[in-house]
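Here is a briefing on one model. Look over the sequence and the structure first, then read the points by topic.

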Amino acid sequence: MSPSFQLVSESQWPELCEWDSLCFPGEAWNEKMLRTHLEFHAGYVWLETEVKGYALICETPWEVEIFRIATLPTYRKQGVAKSILAHLFSTFPNKDIFLEVKEQNLPAINLYKNMGFRILETRKNYYPDGSTAILMTRKP
Ligand SMILES: CC(C)(COP(=O)(O)OP(=O)(O)OC[C@H]1O[C@@H](n2cnc3c(N)ncnc32)[C@H](O)[C@@H]1OP(=O)(O)O)[C@@H](O)C(=O)NCCC(=O)NCCS
């Protein structure tokens with residue numbers, strides 16, 4: 001089965017909850033947060049026989065914000081997140097893309113730099129655990 005990039009379907013909402021717990025231990029969104037996000041915004045999965053990763057985004061007329069991007073632990077370091085970002089870029093070819101990432105999340109920061117994002121600013125004490133956020137952006 002060739003890989004595909006698809007919108008999260010309503011039947012996948014319960015699984016999304018499980019994926020988020022696996023990918024963000026201690027910081028997973030609960031079912032209500034995920035449902036609310038998907039009702040008002042959008043989510044995509046990377047499917048290759050089974051779902052290997054996902055991204056939750058918010059699109060406005062001017063830009064796209066990535067709220068979450070994750071690869072299921074078993075499939076990391078195989079290019080899944082790169083593929084998801086590449087598909088987001090081609091889905092929104094004319095929009096600036098923004099995201100925030102914890103300063104200590106080096107795998108994610110490397111991924112974003114690798115895919116053409118640059119640092120816009122840092123926000124100290126931004127997250128509930130006191131860590132700094134790095135705001136990054138990529139122009140089309
Ligand atoms: C960050 C994350 C999404 C990367 O997913 P992935 O599918 O493993 O990433 P890829 O295989 O596409 O790697 C792409 C690039 O990211 C960087 N990268 C990925 N994992 C890395 C690691 N463990 N250490 C350092 N750099 C890493 C590298 O630059 C890599 O390019 P390279 O293979 O040419 O070196 C994944 O580790 C993850 O899901 N983490 C938990 C959730 C999270 O923190 N999400 C981001 C914040 S919202």
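**Ala70 and its surroundings**

Leaving out neighbours within four places in sequence, Ala70 touches Cys23, Phe24, Gly53 and Tyr54. Contact here means that two C-beta atoms, placed from the backbone, lie within 7 Å. The model is predicted: local features need pLDDT of at least 70, side-chain atom pairs count only at pLDDT 80 or more, and totals for chains, interfaces and linings use all residues. Numbering starts from 1 along each chain as its sequence is written.

- Ala70 sits in strand β4. Helices (H or I, at least four residues) and strands (E, at least two) are DSSP runs, numbered from the N terminus.
- Ala70 counts as buried, because it has 20 C-beta neighbours inside 10 Å. The classes are buried for 20 or more other C-beta atoms within 10 Å of the residue's own, exposed for 12 or fewer, and partly exposed in between, with C-beta atoms placed from the backbone.
- From C-alpha to C-alpha, Ala70 and Ala55 are 6.5 Å apart in space and 15 residues apart in sequence.

**Helix pair α1 and α2**

- Helix α1 (residues 13-23) packs with helix α2 (residues 31-40) at an angle of about 120°, and their axes are 10 Å apart. Axes are lines fitted to C-alpha atoms, for helices over the stretch in contact, and angles run from 0 to 180 degrees between N-to-C directions.
- α1 and α2 are therefore oblique to each other. Under 35 degrees counts as roughly parallel, over 145 as roughly antiparallel, 65 to 115 as roughly perpendicular and the rest as oblique.
- The two helices, α1 and α2, cross in a right-handed way. A crossing is right-handed if the near helix is turned clockwise from the far one by less than a right angle, and left-handed if anticlockwise.
- From α1, Trp13, Leu16, Cys17 and Asp20 make the contact; from α2, Glu31, Leu34, Arg35 and Leu38 do.
- By class, the residues of this contact between α1 and α2 are 5 nonpolar, no polar and 3 charged. Ala, Val, Leu, Ile, Met, Phe, Trp, Tyr, Cys and Pro count as nonpolar, Asp, Glu, Lys and Arg as charged, and the others, Gly among them, as polar.

**Shell around the ligand**

- Of the 22 residues around the ligand, the nearest are Thr71, Arg76, Ala81, Pro107 and Leu111. A residue is near a molecule if its C-beta atom, placed from the backbone, lies within 6 Å of it.
- At least two residues of the shell come from each of β4 (63-71), α3 (80-91) and α4 (106-114).
- α4 gives the largest share, 6 residues.
- The shell holds 11 nonpolar, 7 polar and 4 charged residues.

**Positive phi**

- Most residues other than glycine have a negative phi.
- Thr49 is not a glycine, yet its phi is positive, about 70°. Thr49 lies in the loop between β2 (42-48) and β3 (50-59). Thr49 is exposed, with 8 other C-beta atoms within 10 Å.
- Asn125 also is not a glycine and has a positive phi, near 55°. Asn125 is placed in the loop between β6 (118-123) and β7 (133-138). Asn125 is exposed, with 10 other C-beta atoms within 10 Å.

**Two further sites**

- Glu50 lies in strand β3. Glu50 counts as exposed, with 11 C-beta neighbours inside 10 Å. The C-alpha atoms of Glu50 and Pro3 are 9.2 Å apart, across 47 residues of chain.
- Gly79 is in the loop between β4 and α3. Gly79 counts as partly exposed, with 14 C-beta neighbours inside 10 Å. Its C-alpha atom is separated by 9.7 Å from that of Leu111, 32 residues apart along the chain.
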